[in-house]
Amino acid sequence: MSTQEQKLAYLTAAGRFDICSPGECLQLLPVTVETRRSSQAPEILPVPLDNLRSSQEALDDLEDPDGRTVVAPYISYNRRTGGCGRMLKMLLNGTCSYDCAYCPVRTRREPVSFAPEEFADTFLRLWRDGLVEGLFLSSGIPRDVDCVMHDIVETGEILRRRGYDGYLHLKILPGATRADIHDAARVADRISINLETTSPDRLGGIAGVKDYRQDILKRQSWVAEEKPGGHTTQFVIGAADETDAEILSCLADQYRRVRPSRVYFSAFHALPGTPLAPHPDTPAWRARRWYQADYLIRDYGVAADELRAALDENEFFGDRDPKTVLAAGSAPVNVNLAPRRDLLRVPGIGPKGADRILNLRRVRPFSGPADLARAGIRGKAAGRHLIFNDRGTVQTKLSS
Ligand code: SF4
């Protein structure tokens, strides 16, 4: 195995913990290549997402008994969004001088890194062989942040100069210069800077080096100006013990101020050797609740303030879809009379379903839950929140 392949294995393994990287729903795949029977197509084998393994274990696995070489054991494969399929999530540097208490990269001592040209060579080989379709590039910060950010940007520029036209996501490091953000926005499809948590105080408890206002919020406003509609951010839910009410306020401010195209929510997972190792894990369902709440705000027109009604007395979402909780506390909606925004608040009805209802009810009113099948909606979930009067005598609370 070449040095480049070993570095790939190490640095992709380092980058798989959703630290300094977006936590979208990813299926991680090891990519294996037939080195002895090169006429055969590369074989891709799935690995379960929860099968967390240390980078050393990953390195131990690099040669499998059938004589195949694992070139990049943690290429991530996004099945859900239909976006970039096989995406290589990489760190340029596998060590970091910052002190984020949840991060395994800070505990690493082996100074493994790629120089921009060297990584571009390696990535282009994988891309031309059809093993990867996209790149997410981040880095630990072992030295001056400007040097590392400059390397990230330079790598993107080299890739574009050498003909790479696939998906490219570049991470903006906390404290990056405006000039580097500008250049990153120019070469990348998407750029991102992570909030991690909700406020300076919360961040101070888990990452003392980063200044929330200066290093993150100020840079994020530059990111939004340089790449409107093409930037994202991420929360590590639970690492700083923030409540869901705090996240809701922060999220509302994000959509008001910088309008990220996506917000990712990663459930905190305590890793051995980090200062937060004794901290309880955040249950996966809490991150799922946040994706649901975020969809309600982005795609369903629900105001962040409305979602406060779905919080419990301790200011957390329980383990129920916030849409279901809101609907349970509201009057039923008249399927034959309600405007689109009210139909969208009914569990089981999404934007497409609401549009189909609006079209179909012009021709013939809906007569009961079983009739919802005409609009492709399962009557059981939606039916209990709907009424089917078509004479306009029922006023719903939500449409008032
Ligand atoms: S900046 Fe923080 S989260 Fe990012 S690699 Fe360094 S220690 Fe980890």
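Predicted model: local features only at pLDDT ≥ 70, side-chain atom pairs only at ≥ 80, totals over all residues.
1. A quick word on terms first: helices (H or I, at least four residues) and strands (E, at least two) are DSSP runs, numbered from the N terminus.

2. Residues are numbered from 1 along each chain as its sequence is written.

3. For an overview, the protein has 14 helices and 11 strands. Of its 400 residues, 41% count as buried (20 or more other C-beta atoms within 10 Å of the residue's own; exposed means 12 or fewer, partly exposed in between, with C-beta atoms placed from the backbone).

4. Back to Arg378: it counts as partly exposed because it has 14 C-beta neighbours inside 10 Å. The C-alpha atoms of Arg378 and Gly348 are separated by 6.8 Å, although the two residues are 30 apart along the chain.

5. The axes of α5 (residues 178-187) and α7 (residues 212-226) come within 9 Å and cross at roughly 35°; axes are lines fitted to C-alpha atoms, for helices over the stretch in contact, and angles run from 0 to 180 degrees between N-to-C directions.

6. Which residues of α5 and α7 meet? Arg178, Ile181, His182 and Ala185 in α5 meet Arg219, Trp222, Val223 and Glu226 in α7, where contact means C-beta atoms, placed from the backbone, within 7 Å.

Methods
Contact = placed C-beta atoms within 7 Å.
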